[in-house]
Amino acid sequence: QLCITQPSLSRAIAQMEKELGVPLFEKNGRNTMLTPFGREFLSCAEHTLSTLDDGIASLQRSARGSGLIRLGFVRPLGIEFVPHLAADFLRAYPENDIRFTFHTGITQHLLDDLAQRKVDLLFCSKPQDDLKFTAVPVQKQELVVIVPQNHPLAARSAKDGICLSDTASYPHIYFTKTSGIRSVIDDMFHRENVIPNIVYETEEDEVIAGLVAQDFGIAVVPYMDLLSKLPVRILPILSPDYERNFYLVHDGSVYMPPAVENFRNFVLNRT
């Protein structure tokens, strides 16, 4: 069965018994039987081979596209965009055993997680060029000005919109410098030759919206469904022109498992 000669097999058995320090086989008449040590070692060998087979099967499933996909994303994309993509991907590949983990945070923290290999893919603001991550735009985002309902700018019609230069004299609630959207808004004011009067800073757009609703100031924020439920006036931005994108980001220097690569290609084809 082993396709080797009897002397070769005998030498292999003798070498193994010498290494283990116990006899594995004993003669019983014309038959060769396992000793108690042999039966114990046989059980270990069978368990080892079973574990090895399981490992081989697991790697083969991964090669076919099964496995874990660790996603990181900014919170606004966790309401609809990312859940829809993940659900559609699972429906598109029902034959694969695919699992997701979902991590949320601000862009800078997410990029730190990617650098530390805690996540595979990010949906966030564009990373700085010096990070040398690969980033592809996948989703546009509308920015609006929100003001309290009793604010002087609240008299403006939502259809008419507003220019950022018209907000210069009012106190602003602003995103912190660690927020990915901060540079976009800074550039918009710069192109309008306006220095905003920043009175408060915070990381979360939901918190900014809540502060505006309580008359702490006005703000430029991404449009979100929450705004329609708060006592604020939502004004589209007429000037300056801007482009606010979310990006699909990964570290090109790190091996991408087939499941992760399949999901990335799925997202790029969809968006």
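**A tour of the sheets and their helices**

Select β9, helix α5 (residues 182-191) and β10, which together form a right-handed β-α-β unit; right-handed means that, with the strands pointing away from the viewer, the path from the first strand over the helix to the second runs clockwise. Helices (H or I, at least four residues) and strands (E, at least two) are DSSP runs numbered from the N terminus. The model is predicted: local features need pLDDT of at least 70, side-chain atom pairs count only at pLDDT 80 or more, and totals for chains, interfaces and linings use all residues. Residues are numbered from 1 along each chain as its sequence is written, and side-chain values use heavy atoms, with hydrogens and water left out.

Next, colour strand β9 (residues 171-175), in which four of five residues are buried (under 20% relative accessible area, 1.4 Å probe, protein chains only). β9 pairs with strand β10 (residues 197-202) in the parallel sense over five bridges; pairing requires at least two DSSP bridges. Within this pair, proline 171 stands opposite asparagine 197 of β10.

Now move to the open, mixed sheet of five strands, ordered β4-β3-β5-β13-β6. β4 (98-104) and β6 (134-140) are its edges; each has a single partner strand, so one side of each lacks a neighbour in the sheet.

Then select β3 (residues 67-73) and β5 (residues 121-124), a parallel pair with three bridges. Phenylalanine 73 has phenylalanine 123 in β5 as its bridge partner.

Finally, display helix α4 (residues 107-115), which packs on the sheet and touches β3, β4, β5 and β13 (245-250); contact means heavy atoms within 4.5 Å. Helix α7 (residues 258-270) also packs there, touching β3, β4, β5, β6 and β13.

How values were computed: Axes fitted to C-alpha atoms, helices over the stretch in contact; angles between N-to-C directions. Buried < 20%, exposed > 50% of the residue type's maximum accessible area, 1.4 Å probe, protein only.
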